[in-house]
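Work through the exercises below with the sequence and the model open. Try each task before reading its solution.

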Amino acid sequence: MSKPSIAIYPGSFDPITLGHLDIMERVSKLFDKLIVGIGINLEKAYMFTPEERMEMIRLSTRHIPNLEIRTFTGFAVRFVEECGANIMIRGVRPITDIPAELTMMMANRRLSHKVETLFMIADGELAHVSSSLIKQIANLATHKEFRKFLPEVVIPFVEERIRAG
């Protein structure tokens, strides 16, 4: 009997975008279990709390039965090991992310020779979408425009945060 395959997809997901969701859906079909790790960096300013980010991911991924959501602090590579896995998933946008992700992958290999990083290239239509982009357009975008970037269930969270100031 082979051991179950587990992949870990760490990130800040502040908020989860259609690009993140696309990666989660695709990876969940390749592994027995996908654990989404919400990173918590106490020195970073987030738009949403870890609990809010967890709720947005939970609502967005209800249709993915083999997905689990956890939070973590510290190195993502350590979180992968703590989850009993050896595969870390990184979603990359072809033009902007590859140099930084390659640097991070090499650093992670120094921290743990047991963990391999698998890159998932963002879907062509979603290659420009990022949480940073959402924060940049948040004050200007309409509900209809947000649909091009965010899962429908996430839009009310973003709209409420904008109204709250």
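At 3% relative accessibility, Thr61 is buried, where buried means under 20% relative accessible area, exposed over 50% and partly exposed in between (1.4 Å probe, protein chains only). The model is predicted, so local features need pLDDT of at least 70 and side-chain atom pairs count only at pLDDT 80 or more, while totals for chains, interfaces and linings use all residues. Residues are numbered from 1 along each chain as its sequence is written, and side-chain values use heavy atoms, with hydrogens and water left out.

## The nonpolar cores

**Exercise 1. Which members of the largest nonpolar core touch the most other members?**

Step 1. Apply the criterion: a nonpolar core is a set of buried Ala, Val, Leu, Ile, Met, Phe, Trp, Tyr and Cys residues joined through side-chain atoms within 4.5 Å.

Step 2. The largest core has 34 residues, and Met24 and Ile89 touch the most other members.

Step 3. Find the contributors. The elements giving two or more residues to this core are strand 1, helix 1, strand 2 (33-39), helix 2 (50-60), strand 3 (67-72), strand 4, helix 5 and helix 7 (155-164). Helix 1 supplies the largest share, four residues.

Step 4. Look for another core. One lies apart, with eleven residues, including Ile8, Phe72, Cys83 and Val115.

Step 5. Return to Met24. Beyond four places in sequence, the residues touched by Met24 are Tyr9, Phe13, Ile16, Leu34, Val36, Ile57, Thr61, Ile64 and Leu67.

## The largest pocket

**Exercise 2. How much space lies in the largest pocket, and which residues are closest to its centre?**

Step 1. Define the search. On a 1 Å grid over the protein atoms alone, a pocket is an open set of points where a 1.4 Å probe fits, with protein on both sides within 12 Å along at least five of seven lines; lining residues have an atom within 4 Å of a point.

Step 2. The largest pocket holds about 1,100 Å³. Of its 37 lining residues, Pro10, Gly11, Ser12, Arg90 and Glu101 are the closest to the centre.

Step 3. Two or more lining residues come from each of strand 1 (6-11), helix 1 (18-28), strand 4 (87-92), helix 4 (98-111) and helix 5 (131-137).

Step 4. Sort the lining: 17 nonpolar, 14 polar and six charged. Here Ala, Val, Leu, Ile, Met, Phe, Trp, Tyr, Cys and Pro count as nonpolar, Asp, Glu, Lys and Arg as charged, and the others, Gly among them, as polar.

## Salt bridges

**Exercise 3. How many salt bridges does the whole structure hold?**

Step 1. Side chains of opposite charge can pair when their charged atoms come close. The criterion is a side-chain nitrogen of Lys or Arg within 4 Å of a carboxyl oxygen of Asp or Glu.

Step 2. The search finds nine.

Step 3. Take Arg26 and Asp22, with N to O at 2.8 Å. Both lie in helix 1, four residues apart, about one turn. Arg26 is partly exposed at 29%, whereas Asp22 is buried at 13%.

Step 4. Take Arg58 and Glu55, with the closest N and O atoms 2.7 Å apart. They are three residues apart in helix 2, about one helical turn.

Step 5. Take Arg70 and Glu68, at 2.4 Å between the closest N and O atoms. Shared partners join Lys33, Glu68 and Arg70 into one network of salt bridges.

Key: Grid points are joined across faces, edges and corners, and a volume is the space filled by probe spheres set on the points. Contact means heavy atoms within 4.5 Å.
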